[in-house]
Amino acid sequence: MILKANLIRVAYAVATLALVALLLFYKGRIMATQDALNQFAFWTGLATLIALMVALGEIFHSSRTTKLIKRAIDTKLNEQARLSSASLIAEVSSLLDECSAHVGKSDYHPALRALQIARRFNVRIERAFLSTPEKHVLITNGLDKAEKKIQIACHTTLSAPLTRRQQTEIVNLVTAAKSNIEQLA
Amino acid sequence: MLPPKLRDFIGKVLKKTIDGELKWSFDEFNMLISTHHPQFSMDVRYMFNENTEMGEYAIFYKEIGNQTEFRFVTDQSFDTDYELLRSLFNAAQASEIQFPF
């Protein structure tokens, strides 16, 4: 397992040993004359410089590749989050429709339930990938206000109902939140 | 709590309304009934108070020839007043309707 993971390192270690062995084998011939030694020094120096350039180049290349891969993964994730957010937005919007329909019929308990489920979906919308996060804050505040009002409305009775104006106020809050949610992207 | 004088008066108004002597107009959106009499005009407005979570009736009474508008408010914690005004509110709405049979 370890050998397999380090295959390339093992390979170059073997190659290095071979190279050293080769040089030791030809040592006598290289060292025989000053001229041969100079020749050898020149060519090995050149090879060392080339190796240096290649090594540096490879380092820069790999760091750039890493960055590109990271960016590609980010875009993919972004798309995924956007897709799941889009389905959540559709869900929230239909729940808010249900909520305002119930409010219109003075049926506040189911309205409250629909709104609370909508809020639960709303918090699951990925904020990090929204291009207009300030809208999301607006929606959350609007839903909060509406929920408080509907909760109060749950305490009304037939002899003490909400007025039309108060009902309209709640419906307006819900509708505003809905239109804001549809503009999220 | 409404002053006893006013409560008596509203009782009389209620009776006149039921007898058809007083005509009211009803504004559904504002939950407001209003009537005009040669000697006075009166509005009664209903609202649900979101702070106290109780129904509330406000009476606006104006004498003809006098600019002052008197306001009286009562809510569900004063049972008899509330029920009296609720009866008036219902009677006033009915005064506007011409039932088919």
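**Chatting through a two-chain model**

Modeller: In this predicted model, the contact takes 11 residues from chain A and 13 residues from chain B.

Biologist: Nice. Which helix gives the largest share of the side of chain A that touches chain B?

Modeller: That would be H6(A), with three residues.

Biologist: And how many of the residues on that side are nonpolar, polar or charged?

Modeller: The side of chain A that touches chain B has four nonpolar, five polar and two charged residues.

Biologist: Let's stay with H6. Where does A:Ile170 sit, and is A:Ile170 buried or exposed?

Modeller: A:Ile170 is in helix H6 of chain A, which covers residues 164-182. This residue counts as buried because 25 other C-beta atoms lie within 10 Å, and the cut-off for buried is 20 or more.

Biologist: What does A:Ile170 touch, leaving out residues up to four places away in sequence?

Modeller: Its partners are A:Val103, A:Ala146, A:Lys149, A:Ile150 and A:Ala153. There is also A:Ser100, which is 70 residues away along the chain, yet the C-alpha atoms of A:Ser100 and A:Ile170 are separated by 7.9 Å.

Biologist: OK, switching to H3 and H4 of chain A. At what angle do they pack?

Modeller: Helix H3 (residues 34-104) and helix H4 (residues 108-124) of chain A pack at about 165°, and their axes are 8 Å apart. That angle makes H3(A) roughly antiparallel to H4(A), since angles over 145 degrees fall in that class.

Biologist: Is the crossing left-handed or right-handed?

Modeller: H3(A) passes H4(A) in a left-handed crossing.

Biologist: Which residues meet there?

Modeller: From H3(A), they include A:Leu88, A:Val92, A:Leu95 and A:Cys99. On the H4(A) side, A:Tyr108, A:Ala111, A:Leu115 and A:Phe121 are among them. By class, the residues of this contact divide into 14 nonpolar, two polar and three charged.

Biologist: Over to chain B, then. What is phi of B:Met31 near?

Modeller: It is near 50°, again positive in a residue other than glycine. B:Met31 is in the loop between strand S1 (24-27) and strand S2 (32-36) of chain B.

Biologist: Buried or exposed, that B:Met31?

Modeller: B:Met31 is buried, because 20 other C-beta atoms lie within 10 Å.

Key: Residues are numbered from 1 along each chain as its sequence is written. Chains are lettered from A and ligands numbered from 1 in the order in which they are written. This is a predicted model: local features need pLDDT of at least 70, side-chain atom pairs count only at pLDDT 80 or more; totals for chains, interfaces and linings use all residues. Axes are lines fitted to C-alpha atoms, for helices over the stretch in contact, and angles run from 0 to 180 degrees between N-to-C directions. Helices (H or I, at least four residues) and strands (E, at least two) are DSSP runs, numbered from the N terminus. Angles under 35 degrees count as roughly parallel, over 145 as roughly antiparallel, 65 to 115 as roughly perpendicular and the rest as oblique. A crossing is left-handed if the near helix is turned anticlockwise from the far one by less than a right angle, and right-handed if clockwise. Two residues are in contact if their C-beta atoms, placed from the backbone, lie within 7 Å. Ala, Val, Leu, Ile, Met, Phe, Trp, Tyr, Cys and Pro count as nonpolar, Asp, Glu, Lys and Arg as charged, and the others, Gly among them, as polar. A residue is buried if 20 or more other C-beta atoms lie within 10 Å of its own, exposed if 12 or fewer, and partly exposed in between; C-beta atoms are placed from the backbone.
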